[in-house]
Each structure stands twice: as C-alpha cells, then as structure tokens.
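Please find below a colleague's note on the structure, arranged as numbered points. Each point may be read with the sequence and the model side by side.

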Amino acid sequence: MSNLRIDNIAPSAGGTYTNAMSGLAKAWVNFNQIGTQAIQDSFNISSITDINVARTTVNLSNNMSNINYSSVMGAGYNSMQGNMGQLVGSVGMAVLNSSASYEDRNDSCIQIMGDLA
Amino acid sequence: MSEIRATTISNAAGTGPATLTKQSAAKVWISVNQTGTQAIRNSFNVSSITDLSAGQTVVTYSSAMASANFAVVVSGNPYNFSGSTGGAQSADNAQAGGTKTASRHSIDLRNNSNVNTDNDDAASAVHGDLA
C-alpha cells in the first residue's frame, strides 16, 4: 500500500490549487427510517439512534473539530428535512411530510462538510 | 507545503479510485436551472438531465454508482418559493421515470404549499462508491 500526504492539488496543466481536504465530505449516510431504522450505506458513521417517528440521531465514528460544520440533507419523495441540532459527534435529522407532520422516509441522507477533530 | 500536479489519481494498482483517509469525495454534483428550458449550470459526473415536470429533474450519471443505496442531498434557492422562506425538498422521486437507481436520482422541489416549483439553483450531491 502507498500513502500520500499532501496539502494542495492542481491539474497537471496548471490552474488553481485546491486544498485537498476542505472540499471532501467527512461523513455521509443513507438510512431507512421506516420500521426498524437501518443504515443502508455510510462513511464515518458509527450508528444511528431512533429518537421518535421520523427523527434520528446520526453518530459519527470520528468527531468533527467543532459544531460549526455544514450538514445537508435529503429524503424520500415529497418530504422536507430539518436539522435538529448538531454536536461534534452527532447530528439530528427530522423528516416532515407535505402536511408538516413527522413521517418516516426511506433514503434519508446526510452529507457533512467541515474539519475533523 | 507539498504539491502534486496530476490529471488522474488512482489506487496503487491503477484500476480504481484512491482511498481517502477519513474523508470522502462527492461522486456526483450538479447545479440546475429548472426555470424555462432546464439547463445544467455546472456539474460533475453528470451525462444529462431530464425535465420531468415543474420542480422535478432526473439527473443521469456518466459513471454509475455501485448500488442505489448511495447518499443524495438536495437544496434549492429559497427565494424561488413564492411567499415562503423555504420549501419542501425531496431527493427521491417516486414518479414514473424518476425512480432512484444506481445511475440516476431525481430532484423534487416544492414550495410550502406542497406545489412543485421550478428553481433557478436546484443543487444536489451524491456520496457513495462508484461501480
């Protein structure tokens, strides 16, 4: 196995250098809230916790450096998603249906950008 | 500071992507103007978009994901939702032609009256493993 440690990368033809770390997701998850909530695929996620109907806490394997990271969400058809609050080691997600009532959805997803601790 | 200039970075065998320690690169991202004739504003690993209906766009990938269990997030310009400060957003459209597969997902944007509404900055990103 070969490893590289770098700070910036750029196209071979030239152009602007990009920080090799800042634009990469530090965690992402796809989980199904319907029935027994279950992770379908993930990166840097240790577990999920079923808080209540359509409300889930997503726990990170490696903490973020502070709570000011970016978390973006998406979920199944005809829903809206909200952030219930984030800590360095977890983020809460709520899903509402078109009547603004909590309703479980499949393909509930979160992407986290920021700096790891 | 260390710098590398390269066109392609692959794994040691040259047959797949390099593993990124404690981080994950987006495999697809896109910004779409849904108003009028839908058009890609900017994108990565997107071969085409299909205008399903108002506020609805199918995004088809150039290189497919390994499965349909990838993570996809969406957002839209809140000022496009008339009379509201935000709208419902859905990343997985169950309508015919919009079902999420390993090679596509759809963006579904609605206003707070649950009416599909075109958005001039409908954005989405996909995370997971490529096939």
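1. The contact between the two chains is the first topic. In this predicted model, 36 residues of chain B are in contact with 41 residues of chain A. Together the two chains bury about 3100 Å² between them, and 52% of that area lies on carbon and sulfur atoms. Three residues of chain B deserve attention here: B:I4, B:R5 and B:Q23 supply 20% of the area that chain B buries against chain A, more than any other three residues.

2. Which elements give two or more residues to the side of chain B that touches chain A? They are β1 (3-5), β6 (71-75), β7 (89-90) and β9 (122-127) of chain B. The largest share, 4 residues, comes from β6(B). Sorted by class, this side of chain B has 16 nonpolar, 13 polar and 7 charged residues.

3. Strand pairing also links the two chains. Strand β1 of chain A, residues 8-10, is joined to β1(B) by 3 bridges, and these two strands run parallel. Within this pairing, A:N8 stands opposite B:E3 of β1(B). As background for the student, strands of a sheet pair through backbone hydrogen bonds, in either a parallel or an antiparallel manner.

4. Chain B contains an open sheet of 4 strands in the order β3-β2-β9-β6, with antiparallel pairing. β3 (39-44) and β6 of chain B stand at the edges, each with a single partner strand, so one side of each is left without a neighbour in the sheet. From one strand to the next, the twist of this sheet averages 15°. It may be recalled that β6(B) also gives 4 residues to the side of chain B that touches chain A, the largest share.

5. The pairings of β2(B) can be followed residue by residue. Strand β2 of chain B, residues 28-33, is joined to β3(B) by 5 bridges, and the two run antiparallel. In this pairing, B:V32 has B:I40 of β3(B) as its bridge partner. β2(B) also pairs with β9(B) in the antiparallel sense, over 5 bridges. There, B:S31 stands opposite B:A123 of β9(B).

6. How many residues lie between the strands in the hairpin of β2(B) and β3(B)? The hairpin has 5 residues between the strands, and B:G36 takes a positive phi near 65° in it.

7. Chain A has 0 helices and 10 strands. Its elements, read from the N terminus on, run β-β-β-β-β-β-β-β-β-β. The C-alpha trace of chain A spans about 50 × 30 × 25 Å along its principal axes.

8. An open sheet of 4 strands is also present in chain A, in the order β5-β6-β9-β8, and its pairing is antiparallel. The edge strands are β5 (45-52) and β8 (80-87) of chain A, each of which pairs on one side only. The twist averages 20° from one strand to the next. Inside this sheet, β6 (residues 55-60) and β9 (residues 90-96) of chain A pair in the antiparallel sense over 5 bridges. A:N59 has A:S90 of β9(A) as its bridge partner.

9. Strand β3 of chain A, residues 25-32, is joined by 5 bridges to strand β4 of chain A, residues 38-43, and the two run antiparallel. The bridge partner of A:F31 in β4(A) is A:I39. The hairpin of β3(A) and β4(A) has 5 residues between the strands, and in this hairpin A:G35 takes a positive phi near 70°.

Notes: Residues are numbered from 1 along each chain as its sequence is written. Chains are lettered from A and ligands numbered from 1 in the order in which they are written. This is a predicted model: local features need pLDDT of at least 70, side-chain atom pairs count only at pLDDT 80 or more; totals for chains, interfaces and linings use all residues. Side-chain values use heavy atoms; hydrogens and water are left out. Contact means heavy atoms within 4.5 Å. Buried area is the accessible area (1.4 Å probe) that two parts lose on being put together, summed over both. Ala, Val, Leu, Ile, Met, Phe, Trp, Tyr, Cys and Pro count as nonpolar, Asp, Glu, Lys and Arg as charged, and the others, Gly among them, as polar. Two strands pair if DSSP finds at least two bridges between them. Axes are lines fitted to C-alpha atoms, for helices over the stretch in contact, and angles run from 0 to 180 degrees between N-to-C directions.
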